[in-house]
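Let's look together at how the parts of this model meet. The interfaces below are described by area, by contacts and by the elements that build them.

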Protein chains: 2
Amino acid sequence: MSKISLSSNDLPIEHVAETSADINIAIDIMGGDRGPHVFLYAVENILQKHPKVNLTLCGDDKSKKLFASCLANNRVKYEVCEQIVNMSDKPTMAIRSKKQSSMRKALELTKCKEVDACVSSGNTGALMATAYYVLKTLPGITRPALATLLPTQNNSRVLLLDLGASISYDAESLYQYALMGSILMQECQLVEQPRVALLNVGEEEIKGHSLVKHADLLIRSSDTINYIGYVEGDDIFAGKSDVVVTDGFTGNVALKASEGIASFLSNEIKTVCTQSFFSRVLSKLAMPLFKSLYQRMNPDQYNGASLLGLRSIVVKSHGNASPEACYFAVEQAIMEVKQSVPTKIKAKIEQELMEH
Amino acid sequence: MSKISLSSNDLPIEHVAETSADINIAIDIMGGDRGPHVFLYAVENILQKHPKVNLTLCGDDKSKKLFASCLANNRVKYEVCEQIVNMSDKPTMAIRSKKQSSMRKALELTKCKEVDACVSSGNTGALMATAYYVLKTLPGITRPALATLLPTQNNSRVLLLDLGASISYDAESLYQYALMGSILMQECQLVEQPRVALLNVGEEEIKGHSLVKHADLLIRSSDTINYIGYVEGDDIFAGKSDVVVTDGFTGNVALKASEGIASFLSNEIKTVCTQSFFSRVLSKLAMPLFKSLYQRMNPDQYNGASLLGLRSIVVKSHGNASPEACYFAVEQAIMEVKQSVPTKIKAKIEQELMEH
């Protein structure tokens, strides 16, 4: 059972800064739905909270003035880019025809080590394809995976991956996702031995299709993964596991279906609270409860999905992210740089290769 | 592009009762998590509301006394069964070794036309496998599909299928699910031209894996399906479509992930409402709001998943269904009998075969 094989394309892994050294982050400010100004709050806060972090903003000429106050600080640079990747651009088109885009620039800066990581709110398909094309995967990693943190019932967090970075997959990819997810939770969320689970349609051994069963065997045979077996869709949020692994198609649908029902419930609450004069009065009275609920659930703090398995750090911010949410995405990138996530994934893969 | 082919095993389709004639329903009362008494409310209510419906309860000898009051009515029969299918029984084991079970009895009664439909809260895997084994699929249907109604934002309902009746699938199965789902929505929910969508990771043509793209072409080529193209996970609850088609693995995960986040949110509301004396007072005041929200969302009314594509009607009630939810599952079975769902699926398939 070969879970990892080193590709011939075994390039050296990108440099990642040490905790004590300066950390450099590139931000593609152009891709989001709300416009580039949405990153202003993040830039101001990062400058204040992280004295050793420098930022390179990649955007068009027109947007530069939005950041005039920040650019007075010599820790902020602005790269003027001639193109923007639009939400409707196809991934192959973005790679071929948007070589001067802010997204491409942020990735190229990461590639040539001018920065340690990049953050973008842009077109997810284009970002994943361009990142894969520009940065390449780590030796031994077949496919990159997109991973996000989600809240769980015991006030903890769970990492779900893949969310659609790759649509085609095999059992080996699922095993690699398990390994990468485990490292991210250990290093960035400080979970000592992350409990890793595989998403399936039942918890019993006989459940699921052959790819899931094969992946189960592969993950089970690893000495470095704390594997707890299968979980079902409703277990994602139950706090049973720290990492939930699935293929990109299923992960994408599961995440979006959860977002859909959450938005539906939130709309239902609004409807109920405004359906009569009496209910409007009651909902005003209950406002502290709703505020407290919102603070517990605040989706902003979960913004910043990590594209794992590449030779550098790429964080995807939600296209519709709020200023605060954008700040959390940049924080996620800084944390991954501090913890040298790609180096640790590479080391763990080499260790697994030695053992098998 | 062959979407349907008649199998050699072209048995005549089971008889279904006419609206004016008596309707006979078998209920496997043994399978649920809460015990057989949970069906008492359903039996009493069905007897009262449907003067032409007769019920056959399949259960063990011990449970018969629970229904003593109902059995005084000559429209209720009790079949004493020697075995029970447990939640831990594997499907193949249920088929081979539980031939005297209440689940098997209810399905056999349907097979030999003593009843028009059966309802069970039992082990889903065992029910689907045994139903497939005992009743067989309709000519032209490769695999049965499990379909359930879900609430949507515009106060309407959407049918999601497959939920895991079949784990392996091909593009033709997805096409057949689209056809069957469309018929169920038209006949039982009275939606005139149900908008049918295919679940994918993006709405653009280039998105998704080859099986989804192939299914998209097949469904698009049908004259009888009102196909609206791809939708994403968050669109399930958005009211964009009346039927959402996907493979059993993805559908199962999407449904359970949605249940998981709904349960998580409900627990968070409870936590927020009880975290201090002040919040307990506020939540008491806001109780009418919570009650109104619960009434709108009440999951009981969505109980009763239909196993489509078989030669008779089988409705799966949730294992943990409440008495009211069990009642809705029996109502679903009655509705499918009244609308002769299997006959209409068979007719539509023959029509499609004629046209292609």
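## Between the two domains of chain A

In this predicted model, domain 1 and domain 2 of chain A bury about 1,700 Å² between them, 58% of it on carbon and sulfur atoms. Buried area here is the accessible area (1.4 Å probe) that two parts lose on being put together, summed over both. Helix 5 (124–135), strand 11 (313–316) and helix 11 (323–338) of chain A each supply at least two residues to the domain 1 side; helices (H or I, at least four residues) and strands (E, at least two) are DSSP runs, numbered from the N terminus. Helix 11 of chain A gives the most to that side, with eight residues. By class, the domain 1 side has twelve nonpolar, nine polar and three charged residues, where Ala, Val, Leu, Ile, Met, Phe, Trp, Tyr, Cys and Pro count as nonpolar, Asp, Glu, Lys and Arg as charged, and the others, Gly among them, as polar.

The bounds, which come from an automatic or database domain assignment, are 8–141 + 309–340 for domain 1 of chain A and 142–305 for domain 2. Their centres, taken over C-alpha atoms, are separated by 25 Å. Contact (heavy atoms within 4.5 Å) takes 24 residues from domain 1 of chain A and 17 residues from domain 2 of chain A.

## Between chain A and chain B

Turning to the chains, chain B and chain A bury about 4,800 Å² between them, with 75% of it on carbon and sulfur atoms. On the chain B side, B:Phe249, B:Phe264 and B:Leu289 lose the most area to chain A, together 14% of what that side buries. The contact takes 53 residues from each of chain B and chain A.

How many salt bridges are there between chain B and chain A? The count is two, a salt bridge being a side-chain nitrogen of Lys or Arg within 4 Å of a carboxyl oxygen of Asp or Glu. In a salt bridge, the side chains of A:Glu232 and B:Lys256 meet at 2.2 Å, N to O. Helix 8 (248–274), helix 9 (277–285) and helix 10 (287–297) of chain B each give two or more residues to the side that touches chain A.

## How to read the values

Residues are numbered from 1 along each chain as its sequence is written, and chains are lettered from A and ligands numbered from 1 in the order in which they are written. Local features need pLDDT of at least 70, side-chain atom pairs count only at pLDDT 80 or more, and totals for chains, interfaces and linings use all residues, while side-chain values use heavy atoms, with hydrogens and water left out.
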